[in-house]
Amino acid sequence: MTEAERFLAIEEIKQVKARYFRCMDTKDWAGFEAVFAPDASADYTPPGGNSAEWSASGRANIVAFVRRMVEQAITVHHGHMPEVEVTSPTTGHAVFAMEDLIWWPEGARRRTLHGWGHYRETYEKIDGKWQIKTLRMTRLRVEQT
Amino acid sequence: MTEAERFLAIEEIKQVKARYFRCMDTKDWAGFEAVFAPDASADYTPPGGNSAEWSASGRANIVAFVRRMVEQAITVHHGHMPEVEVTSPTTGHAVFAMEDLIWWPEGARRRTLHGWGHYRETYEKIDGKWQIKTLRMTRLRVEQT
Amino acid sequence: MTEAERFLAIEEIKQVKARYFRCMDTKDWAGFEAVFAPDASADYTPPGGNSAEWSASGRANIVAFVRRMVEQAITVHHGHMPEVEVTSPTTGHAVFAMEDLIWWPEGARRRTLHGWGHYRETYEKIDGKWQIKTLRMTRLRVEQT
């Protein structure tokens, strides 16, 4: 890759992750699905959680999992300070720091969540578009009510 | 445009928006004014608000509006996860996720505001400098006291 | 410098600062030390504070200072909206907006800190790696319990 190609890939990966956040928070589920590779996997297991309950494989299952979690809630997800490395013309990995806030509606089992942590991800370029291949969220702290 | 020119434009637009935030929060009003095109327009209308009261046209009017709102307050405005697209050598658009905090002084009509949302903007390069041409803020949630 | 070299430098400086935040919050002290130049200096003096108590010179002293402050605490440090300028092939400076949260353990003299402000930094490229040369933190607001 030339340096220009490498920069383009880094910028595109940052924008894929930006769409991940924006589409989740604006409930644009078609846009959200489009950031994942067809065979992507995502692991949102919190500390002490059962990973079988907090993971999903396959783009459609990831979207279904996230919608079940937050579709009825107001959510804010922010990413920070990307560390993106492009390892080939079609592969890369990234770490993003993150903060998330969730306000569930009246009557829900949970009321609010406020968390901080990191996304640790791999990316793959498929049909000319960078997509999230694997995603793992780790947490520094969570506050819930 | 060459790819290098495109990258430079994306980076410059991000830095214009960084100055927007920093100059507002440090009350550097000359610096704040300089990020806007002379004929810029800004729409900060909150959900359910009257857009005539929350919009301003022309650089000087935008600065006057923002100063009236926050000059006496401590403010923190953070932007996140830019999605910048350059559409020609002199035009572009961007979305930035955002969080804002305002603490008004003792005795003010309002005490605090904590909000989250997005900036949706267009940019224009005038006399060699990228500037904000139109700005519209949309909100995911606001908490006020 | 070519434009490609300049972009690479800007991206590398952003990633150095990303490691600063991530290594502090995950308590990776070897990684944290590696972001500083050997003769770096850091000034974390809060408004009204005594700079002799809140500054450190030399990479090892900076790490010792930060560890004393936050090693027993859960911390979240996020940087935002970088303004990086590369002034030569081996020098640059940057401003990052920031938010920090600290939760000290039970029984500590302090309980929590939540702050907002800016990092104002210079960078130097030494042995092919960009490193923080000087760091000064300024604050917009701090809330403590």
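Chain C and chain A together bury about 1,800 Å², with 64% of that area on carbon and sulfur atoms. On the chain C side, Arg22(C), His78(C) and Trp103(C) lose the most area to chain A, together 29% of what that side buries. The model is predicted. The contact involves 24 residues of chain C and 19 residues of chain A.

Two salt bridges cross the interface of chain C and chain A. In one of them, Arg22(C) pairs with Glu83(A), and the closest N and O atoms lie 2.6 Å apart. Helix H1 (3-25), strand E3 (74-88) and strand E4 (91-103) of chain C each give two or more residues to the side that touches chain A. H1(C) supplies the largest share, 13 residues. By class, this side of chain C has ten nonpolar, six polar and eight charged residues.

Chain A also contacts chain B, through 24 residues of chain A and 19 residues of chain B. About 1,800 Å² is buried between chain B and chain A, 64% of it on carbon and sulfur atoms. Two salt bridges link chain B and chain A. Glu11(A) forms a salt bridge with Lys14(B), with 2.9 Å between the closest N and O atoms. Six residue pairs are in polar contact between chain B and chain A. At least two residues each come from helix H1 (3-25) and strands E3 (74-88), E4 (91-103), E5 (112-126) and E6 (129-144) of chain B. E3(B) provides the largest share of the side that touches chain A, five residues. That side of chain B comprises ten nonpolar, two polar and seven charged residues.

Definitions and conventions
Residues numbered from 1 in each chain as written. Chains lettered and ligands numbered in written order. Predicted model: local features only at pLDDT ≥ 70, side-chain atom pairs only at ≥ 80, totals over all residues. Heavy atoms only, no water. Contact = heavy atoms within 4.5 Å. Buried area = accessible area lost by both parts, 1.4 Å probe. Salt bridge = Lys/Arg side-chain N within 4 Å of Asp/Glu carboxyl O. Helix = DSSP H or I, 4+ residues; strand = E, 2+ residues; numbered from the N terminus. Nonpolar A, V, L, I, M, F, W, Y, C, P; charged D, E, K, R; others polar. Polar contact = N/O pair within 3.5 Å; in protein donor to acceptor, adjacent residues only side chain to side chain.
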